[in-house]
Amino acid sequence: MKRLRRLRANKTLRNLVRETRVDKKELIYPIFVIEGENIKNPVPSMPGIFQYSVDRLAELLEEIHNSGISGLLIFGIPKHKDELATSAYDDNGITQRAIKFIKEKYPEMLVIADVCLCEYTSHGHCGVVKDDLILNDETLPLLSKMSVSLAKAGADMIAPSDMMDGRVAAIRKSLDENGFVNTPIMAYSAKFASGYYGPFRDAAESAPCFGDRRTYQMDSANGREALREIESDIEEGADIVMVKPALAYLDVVKEASQYNIPLAAYNVSGEYSMVKAAAQNGWIDEKRIVLENLTAIKRAGADIIITYHALEAAKWLEEE
């Protein structure tokens, strides 16, 4: 008889033979920065998550710095929105000012800047709109301008999440031409049109005013297409590729891990909020579930995990 239980007999043995380990240095924490002063707005659909004005960021940055995670992914929420998302590439825009503030306080902190127009457009879509159609090629110059502006502000990495065709190549070309040859791109390569984004749209104030995003974000049923998207982004110059969401797409994460390039997975807002809601009702052990989820994402092949649980998970991993 095989005695596989021998190596499960006690904690020391289980730790010795554990195949998958999550390190807090592999975690990235998303943050939301809003215009105004003395603002710390709770996001009702995301317990524990807030919108911060720049002057209130210091308290959050200290916590991120002390946590030991690798850094943050920043989303900006402007006062002014228009059809061409002009606040997105304004060198004095909310995200640019926030990045400068972060870099002044913590110059070594890794700041990844999300690049998408949805938070900045009056219609809430991720590209230029004409006659209710989202125009691909007309959007690329705006994404490129936004990327350069964020890099000038001090962003260490650019993360395009718009899902326009050809945007990685366009952004890479603009960054290089403007002296940011060494600024890497983390592409949201396989970003699915998912119902798990609902709470994020509350936090980022970015819900579309009409229709949905299915003409540019991926059909949730398509795994092979996800790999074609990833291959395309690698060819265009992406330094890191991403699968989003994570938990419902672990099969895609597993397949994507075959490529010889760093792989990120985004444990998105809906995944976070479901765990929080169940924990608040006493239905689950939050710490155990979060660490199990993160381990599953890592086991599937992700090298980097973007998660709203990052700060709590860092403490729990330290305890473990």
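**Pockets, fold and buried residues**

Guide: Start with the second largest pocket. Its lining divides into nine nonpolar residues, one polar and six charged. Keep in mind that this is a predicted model.

Visitor: What is the volume of the second largest pocket, and which residues lie closest to its centre?

Guide: The volume is about 200 Å³. The lining has 16 residues, and Y29, G48, E63, L311 and E312 are the closest to the centre. Strand 3 (50-52), helix 2 (57-67), helix 9 (269-280) and helix 11 each give two or more residues to this lining.

Visitor: What makes up the lining of the largest pocket?

Guide: Eleven charged residues, three polar and three nonpolar. The pocket holds about 600 Å³ of space. Its lining counts 17 residues, with R18, T20, L291, T295 and E320 nearest the centre. Two elements give two or more residues each: helix 10 (286-300) and helix 11 (310-319).

Visitor: Which helix gives the most to that lining?

Guide: Helix 10, with five residues.

Visitor: Now the whole chain. How do you know that the radius of gyration agrees with a compact globule?

Guide: Set the value against the rule. For 320 residues, a compact globule would have a radius of gyration near 20 Å. The protein has 20 Å, so the two agree. The C-alpha atoms fill a box of roughly 70 × 45 × 40 Å along the principal axes.

Visitor: What secondary structure does the protein have?

Guide: Eleven helices and twelve strands. Of the contacts with a separation of 6 or more, 73% join residues 24 or more positions apart.

Visitor: How much of the protein is buried, and how much accessible surface does it have?

Guide: Buried residues are 54% of the 320. The accessible surface is about 14800 Å², and carbon and sulfur atoms account for 47% of that.

Visitor: Why is L57 called buried?

Guide: The cut-off for buried is under 20% relative accessible area. L57 has 0%, so L57 is buried. This residue sits in helix 2.

Visitor: What does L57 touch?

Guide: Beyond residues up to four places away in sequence, L57 touches I31, V33, Y52, A98, F101 and I102. As for K40, 17 residues away along the chain, its C-alpha atom is 8.9 Å from that of L57.

Visitor: V33 is on that list. Why does V33 count as buried?

Guide: The reasoning runs through the cut-off again. V33 has 0% relative accessibility, and buried means under 20%, so V33 counts as buried. V33 lies in strand 1, residues 27-34.

Visitor: Which residues is V33 in contact with?

Guide: Neighbours within four places aside, the contacts are Y52, V54, L57, I74, F75, G76, I77, I94 and A98. A313 is 280 residues from V33 along the chain, and their C-alpha atoms are separated by 22 Å.

Visitor: T121 is in a loop. How do you know whether T121 is buried or exposed?

Guide: Compare the value with the limits. Exposed needs over 50%, and buried needs under 20%. T121 is at 2% relative accessibility, so T121 counts as buried. The loop runs between strand 5 (110-115) and strand 6 (128-130).

Visitor: What is T121 in contact with?

Guide: K81, D82, E83 and A85, leaving aside neighbours within four places in sequence.

Definitions and conventions. Residues are numbered from 1 along each chain as its sequence is written. This is a predicted model: local features need pLDDT of at least 70, side-chain atom pairs count only at pLDDT 80 or more; totals for chains, interfaces and linings use all residues. Side-chain values use heavy atoms; hydrogens and water are left out. On a 1 Å grid over the protein atoms alone, a cavity is a set of points where a 1.4 Å probe fits but cannot get out, and a pocket is an open set with protein on both sides within 12 Å along at least five of seven lines; lining residues have an atom within 4 Å of a point. Grid points are joined across faces, edges and corners, and a volume is the space filled by probe spheres set on the points. Helices (H or I, at least four residues) and strands (E, at least two) are DSSP runs, numbered from the N terminus. Ala, Val, Leu, Ile, Met, Phe, Trp, Tyr, Cys and Pro count as nonpolar, Asp, Glu, Lys and Arg as charged, and the others, Gly among them, as polar. The radius of gyration is taken over C-alpha atoms; the globule rule is 2.2 Å times the number of residues to the power 0.38. Buried means under 20% relative accessible area, exposed over 50%, partly exposed in between (1.4 Å probe, protein chains only). Contact means heavy atoms within 4.5 Å. Accessible areas come from the Shrake-Rupley method with a 1.4 Å probe; for residues, only the protein chains shown count as cover.
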